[in-house]
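The sequence and the three-dimensional structure are shown first, and the description follows.

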Amino acid sequence: MKNNKFQPIEKVLQADAVIDCNHEGNVYTLQKLTQYIDQILREVLASKLILYFQHKGVVFSKDTSNDQFIKEFIEEGIKCKVLDPSGGGWQKAKLRFRVVMEIELEDSSQNSDFAEASPLDDIRQSINNSEEF
């Protein structure tokens, strides 16, 4: 059964929220993780998705190899038409592809093991000083 308690992370946390995924003190801000995901989408996933769709017979454009198409694919949207079974005929639209991080926050009473000894601002400052994007 699908867990529907997950929500898009940017709707739940602020950009400067700190995330520790392995519980060993390797912490990252949500903003930094989002930047990494956007970079991966641009540099790796977009072209692989396009090739995969083409392999399956889904062709978005005659020329999908240029950087402009990839930018449209993940930022501006590619032009398309939509025919919804509920009626209304064909509608002009734009379609874009995104990678979305989602999070499910547990009850705060269950998180007492992860309480930090130092203030969150100290962690944020440490991250900002040690990482350069």
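The structure is a predicted model, in which local features need pLDDT of at least 70 and side-chain atom pairs count only at pLDDT 80 or more, while totals for chains, interfaces and linings use all residues. Residues are numbered from 1 along each chain as its sequence is written, and side-chain values use heavy atoms, with hydrogens and water left out.

**Confidence and overall build**

The predictor's confidence in each residue is given as pLDDT, on a scale from 0 to 100. The average for the protein is 81, and 84% of the residues score at least 70. Confidence is highest in strand β5 (residues 90-95), at a mean of 94, and lowest in helix α4 (residues 120-130), at 74.

Helices (H or I, at least four residues) and strands (E, at least two) are DSSP runs, numbered from the N terminus. The protein has four helices and six strands, and their order from the N terminus is β-α-β-β-α-α-β-β-β-α.

A residue is called buried under 20% relative accessible area, exposed over 50%, and partly exposed in between (1.4 Å probe, protein chains only). Of the 133 residues of the protein, 18% count as buried. A contact means heavy atoms within 4.5 Å. Among the contacts with a separation of 6 or more, 49% join residues 24 or more positions apart.

**The second largest pocket**

Rolling a probe the size of a water molecule over the atoms shows where empty space is left. A pocket is an open set of points, on a 1 Å grid over the protein atoms alone, where a 1.4 Å probe fits, with protein on both sides within 12 Å along at least five of seven lines; lining residues have an atom within 4 Å of a point. Grid points are joined across faces, edges and corners, and a volume is the space filled by probe spheres set on the points.

The second largest pocket holds about 190 Å³ of space. Its lining consists of Ile-9, Glu-10, Leu-30, Thr-34, Ile-37, Asp-38, Arg-98, Val-99, Val-100 and Met-101. Helices α1 (9-12) and α2 (30-55) each supply at least two of the lining residues, and the largest share, four residues, comes from α2. With Ala, Val, Leu, Ile, Met, Phe, Trp, Tyr, Cys and Pro taken as nonpolar, Asp, Glu, Lys and Arg as charged, and the others, Gly among them, as polar, the lining has six nonpolar, one polar and three charged residues.

**Selected residues**

Helix α1 also contains Lys-11, which counts as exposed because its relative accessibility is 68%. Ala-93, in strand β5, is partly exposed, with a relative accessible area of 28%. Apart from residues up to four places away in sequence, Ala-93 touches Ile-78, Lys-79, Cys-80 and Val-82.

Two further residues lie in loops. Asp-16 is in the loop between α1 and β2 (18-20) and is partly exposed, at 33% relative accessibility. Beyond its neighbours within four places in sequence, Asp-16 is in contact with Thr-29 and Arg-124. Gly-25 is in the loop between β2 and β3 (27-29) and counts as exposed, since its relative accessibility is 51%.

The table pairs each of these residues with a partner elsewhere in the chain.

| Residue pair | Separation in sequence | C-alpha to C-alpha distance |
|---|---|---|
| Lys-11 and Glu-102 | 91 residues | 9.1 Å |
| Ala-93 and Lys-81 | 12 residues | 5.5 Å |
| Asp-16 and Arg-124 | 108 residues | 7.4 Å |
| Gly-25 and Ile-123 | 98 residues | 9.6 Å |
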